[in-house]
Amino acid sequence: MSVYGNKADIPTTRIIPKKKKDLIKTIIDQRQLIILILPFMALVLVFNYLPIWGWIMAFQHYVPGKGISGSQFVGIANFIEAFTDDNFINSIKNTLLTSILKITTGFLSAITLAVMLNEVRSIAFKRTVQTISYLPYFVSWVVAVNIVYMALSPADGIVNILLTKSGLVKDPVPFMGEPKYFYWVVALSNVWKNVGWNAIIYLAAMTGIDPELYEAASIDGAGRLRRIFAVTLPCITATIKILLVLNIGNLMNAGFEQVYLLSNPSNISASRTIDVYIYTYALRSGRLSYGTAIGIFNSTIAITLIMISNYISKKIDGYGIF
Amino acid sequence: MAKKTQVRILSSIGYKRLTAEDLLIDVINYIALILLCVITLYPFINTLAYSFNNAIDSVNGGIYLFPREFTLRNYEKILVENPAISTALFISASRAIVGGSLSVFATLCVAYLLSRRNFVFRKVLTPFLIFTMYFSGGLIPSFILIRNLGLINNFLVYILPGLVGAYNVMVMRSYIEGLPESLIEAAKIDGASEYRILFTIIWPLSLPVIATITLFVAVGQWNAWFDTMLYCGSSPKLTTLQYELQKLLTSASAYASNDSDAMMNSGEAVANAVTPTSIRTAMTVIAVTPILFTYPFLQKFFIRGLTLGGVKG
């Protein structure tokens, strides 16, 4: 809009030719800027958009030696195969269960931590806790999973030592060895890694709360706990809602790195998410067309969910994510 | 009125004298937060203790906060005697430094241009970039593309694909948009070129957000392992620390106790022996140390960067 400056002055009949001329002139004027951004946008085009061309593979029996142009077309056979493949159906279930559990525990833990930090009076103590709580966020999943394996080891992991010493369980629990524990291992290790980081945004929302609200609540006789539930939490519901809506787009994304690294042959029936399935059963075993078909399915659902979440957030908030 | 301000403690906490409820909540709150710190830090301290403990002695377990038989043997093994791991360490550091600085430069350029209200392609390029945040062609098409481009077993594969991260661009853009436009106008009137404006005006004013993005991309590079496994796993000269660590993790989780081989040794061999666990803990410490010495100092910046860029999107 503002590119052309005083648009109102241009007579209506000449808008199109004038605009075109202006556009060329602006491009020449801004050639320095364009030269600066061009190589970077070319990289984005190549690495983020060009792979979409590879989607053709999903409708082929792709053979690497022959390439996309030489491979035989098979229609939607790969998609039909996917939906008759029990392991793929299982991977959809695992993806949804893992992501829902991760989102729920992630939200509850981050909001709780933010409320707790907000109640701390000593600035130095608050800073220290925050600094410590960010550490796991910055370490890699490789390191984090290493730590999870050490902590949950049935032989000498601290969690099992505490559980058996306190008498809560009789024998050490094989957390990594059984599928039934897997979703919780993923969700809780995710909380351990990200809770401090995720609390930042809620804390920021809390600093914006008008102190007079607390004052008024106090005068009305509300105790401290009551003020948390009657003032703090209601004041951040807008933030909570928006972040929840944004997370709808993550439903099909259980987090590849974490789940893949935590997976092992004995928990595979729970750890086989869509991403893990594509990597281990398609890419590594050379079933490229099949893996691409599953990937397209996943991307399509994901982008639909993001459109939905964008639509909802526009309804709630007035502006969406794009 | 005067009475009320007199007893005010801290705006968000309370206005009256501390009640029993206040104290109780304080006690519970402090205990819970200290517990959180313990849960967060203990695994790191435990790993540190194991990494400095004699490998054979560690097999007996029971090491918590301090090493029982102190040794530097595990680190010596990694850093001096194992060329694969020292090469990996070098590649990881190169990724973080070279990839990180190029990425920050690219992010700054793109963010600056997208923040310029009169930039002719702003309306086209902004959604073009944002779209990549939510959508990807998928693992296999990307893999085939990288292979066709000849980037397999090539250091460039660590740098080029992720050079411009949409999220980082958006965080930096919101920051630059907050700078006064009159500065740019004034520089233009003085006849400064676009490049001059970017590097003598925008760059120094954006240092807080540049520090934040530097932290994000350098840590991202340092922590990456999947691209190594995917694209450079077969090239011993290009593997990274995280990848080597991940390989040890997989081999260790495959069989429950892998320390038995080492226990067969005796005498001097025992003193010098290392186990997969001891090597793993020492490598974990090396992988965490650079992070530990950077993020606390940038805390002020990234919190501001995150809340500014994250909320506005």
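1. In this predicted model, chain A has a radius of gyration of 26 Å, whereas a compact globule of 322 residues would have one near 20 Å. The C-alpha trace of chain A spans about 80 × 65 × 35 Å along its principal axes.

2. The secondary structure of chain A comprises 16 helices and two strands. Of the 322 residues in chain A, 37% are buried. Contacts between residues at least 6 apart in the sequence of chain A join, in 66% of cases, residues at least 24 apart.

3. Chain A is divided into two parts, domain 1 covering residues 2-75 and domain 2 covering residues 79-317. Taken over C-alpha atoms, the centres of domain 1 and domain 2 of chain A are separated by 37 Å.

4. The contact between these domains of chain A involves seven residues of domain 1 and five residues of domain 2. On the side of domain 1 of chain A that touches domain 2 of chain A, four residues are nonpolar, three are polar and none is charged.

5. Between the chains, 76 residues of chain A are in contact with 78 residues of chain B. On the side of chain B that touches chain A, helix α2 (residues 20-51) of chain B gives the most, with 14 residues. By class, this side of chain B consists of 46 nonpolar, 26 polar and six charged residues.

Note on methods. Residues are numbered from 1 along each chain as its sequence is written. Chains are lettered from A and ligands numbered from 1 in the order in which they are written. This is a predicted model: local features need pLDDT of at least 70, side-chain atom pairs count only at pLDDT 80 or more; totals for chains, interfaces and linings use all residues. Helices (H or I, at least four residues) and strands (E, at least two) are DSSP runs, numbered from the N terminus. The radius of gyration is taken over C-alpha atoms; the globule rule is 2.2 Å times the number of residues to the power 0.38. A residue is buried if 20 or more other C-beta atoms lie within 10 Å of its own, exposed if 12 or fewer, and partly exposed in between; C-beta atoms are placed from the backbone. Two residues are in contact if their C-beta atoms, placed from the backbone, lie within 7 Å. Ala, Val, Leu, Ile, Met, Phe, Trp, Tyr, Cys and Pro count as nonpolar, Asp, Glu, Lys and Arg as charged, and the others, Gly among them, as polar. Domain bounds come from an automatic or database domain assignment.
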